[in-house]
Amino acid sequence: MRIWTAFSIAALVASGLLTGAAPAGAQAIDGSEGNAPRFGQSLVAPIEDGPNAEGPSVGALAPKQEYTPIILTTVPAPMVVELFTSEGCSSCPPADEFMEELAQRQYVLPLSFHVDYWDYIGWKDRFADPIFTSRQRAYAEAQGSSMVYTPQMIVAGAIDVVGSDRKAVEKALKTAYTRNTMYRIHVARDPEGRVVVQFPQAPIGVPATVWLVTYQKSAESKVKAGENTGRDLMTYNVVRSLQKVGMWYGAATEIELKLDPQAKANSPDACAIIANQAEHGPIIAAAAFNFTKAW
C-alpha cells in the first residue's frame, strides 16, 4: 500500500515521531495522493466572434474567474488524532495535556471531542455534545466493540489507544503513517464566494463521508464539582461542532462547505475537514484551516 509521501521516513525519524495497549488507567462505560483540480482554472469560456456575439469586441476573452486558495494550518494530509475526553473524568487531564504537544506538530491534526456520559457524576462539561458521544460509539461499533471509555484516542480513524499512554499513541501514529494512504485535498473560495473543498480522483474503494469540524485552539475551565473538583483544566483543539457535508466516491469532487449558524455562533478559531471511509472507518483525507480565513 502506498504511504503518505509529504515527509520521508527519515524526516519522521528526525522529528521524533517514529519512536495498542490494554486501556490501563482508562475509565470505561459499556454501552496517491491524486491530482486535485487546479485553482485558477477559468470557469468562463471565450466569447465567440460573429454577428450574434454579445459583449466585448472581437477577439476579447471574458475575464478570468479564479478560485482563491485558503491556506492550510497543517501539512496537506495530516494524521488525525481524535481524543474522546470529559471534564468529569479524573483520568482525562493527562491526555488533555498531551493534546497540547500534538497540536504543535504540523503533520498531526489533534481534535478533542468532549463526551456527555460523565456529566451525571456532578459536573456538566460545557463542551460535551451527544453528537460527539455518538461518533465515539460509532467508531466502537465499526471496530467490533461494545465499549467506549475516556480518555480514548482514535488515530487515523482506525487505531484505538488510551489517550494518556504516550508510548502507545506514538506507536499508533507510526503504524498509521506506514499503513494509511492519505490523499491531498484543497480548500478554497470559488468564483461565487462559496467555501469549497476539492477532492482528487483516487482509487478509494469505499465511499467516504466528509465531515466539517469547527474547534477552539484552547479553553480553560474551573471545575467546581465531580471527580475533578477544584482543578483548572485546559483543553486543546476542543471541537465545537461536527457536520456531515457530503460524500466522496473517488471521482474528482468539489463539495461546498455550508456552515451551520449555531457552529458560527460558537466563535471557533479553526476548522477541519475529515473524510472517513464509510462513515467511521479509516480516515483517508484531512485538512485544517483558520476559521476567519473562510468565514
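Author: Helices here are DSSP runs of H or I of at least four residues, and strands are E runs of at least two, numbered from the N terminus. By that reading the protein, a predicted model, has six helices and 14 strands.

Reader: How much of the protein counts as buried?

Author: A residue is buried when its relative accessible area is under 20%. Buried residues make up 49% of the 295 residues. The accessible surface of the protein comes to about 13,500 Å², and carbon and sulfur atoms hold 51% of that area.

Reader: What makes the span of helix H3 close to the expected one?

Author: The expected span is 1.5 Å times one less than the number of residues. Helix H3 covers residues 130-142, which is 13 residues. From its first C-alpha to its last, H3 reaches 18 Å, close to the 18 Å expected.

Reader: Which residues of H3 are buried, and what is found at its two ends?

Author: The buried ones are Phe 132, Thr 133, Arg 135, Gln 136, Ala 138, Tyr 139 and Ala 140. An α-helix has 3.6 residues a turn, so residues three or four places apart point the same way. At the start of H3, a side-chain oxygen of Asp 129 comes within 2.8 Å of the backbone nitrogen of Ile 131. Just after the helix, Gly 144 has a positive phi of about 75°.

Reader: What makes S2 and S12 edge strands?

Author: Strands S2, S8, S9 and S12 form an open sheet in the order S2-S8-S9-S12, with antiparallel pairing. Strand S2 (68-69) and strand S12 (253-256) each pair on one side only, and they are the edge strands.

Reader: How do you know that S8 and S9 pair?

Author: Two strands pair if DSSP finds at least two bridges between them. Four bridges join strand S8 (residues 186-189) to strand S9 (residues 195-199), therefore the two meet the requirement of at least two. They run antiparallel, and Arg 189 stands opposite Val 195 in S9.

Reader: Why is Gln 198 called buried?

Author: Gln 198 has its place in strand S9. Its relative accessible area is 2%, so Gln 198 is buried, the limit being under 20%.

Reader: What makes the approach of Gln 198 to Glu 254 a polar contact?

Author: A polar contact needs a pair of N or O atoms within 3.5 Å, one able to donate a hydrogen and the other to accept it. The side chains of Gln 198 and Glu 254 make such a contact at 3.1 Å.

Reader: What makes strand S11 largely enclosed?

Author: Strand S11 (residues 232-248) has 17 residues, and 12 of them are buried, so the strand is largely enclosed by the rest of the structure. It is joined by 14 bridges to strand S10 (residues 208-222), and the two run antiparallel. In this pairing Trp 211 stands opposite Lys 244 in S11.

Reader: Why is Gln 216 called buried?

Author: Gln 216 lies in strand S10. Its relative accessible area is 15%, so Gln 216 is buried under the 20% limit. Its side chain makes a polar contact with the side chain of Arg 240 at 2.4 Å.

Reader: What covers the buried residues of helix H2?

Author: In H2 (residues 93-102), Pro 93, Ala 95, Asp 96, Phe 98, Met 99 and Leu 102 are buried. Their cover includes strand S3 (79-85), strand S4 (108-114), strand S6 (152-155), helix H4 (166-179) and S11.

Reader: Why does Val 108 count as buried?

Author: Val 108 is found in strand S4. Its relative accessibility is 2%, so Val 108 counts as buried. Leaving aside neighbours within four places in sequence, Val 108 has contacts that include Met 79, Leu 102 and Leu 173. Its C-alpha atom is separated by 10.0 Å from that of Ala 287, 179 residues apart along the chain.

Key
Residues numbered from 1 in each chain as written. Predicted model: local features only at pLDDT ≥ 70, side-chain atom pairs only at ≥ 80, totals over all residues. Heavy atoms only, no water. Buried < 20%, exposed > 50% of the residue type's maximum accessible area, 1.4 Å probe, protein only. Areas by Shrake-Rupley, 256 points an atom, 1.4 Å probe, with all protein chains shown as cover. Contact = heavy atoms within 4.5 Å.
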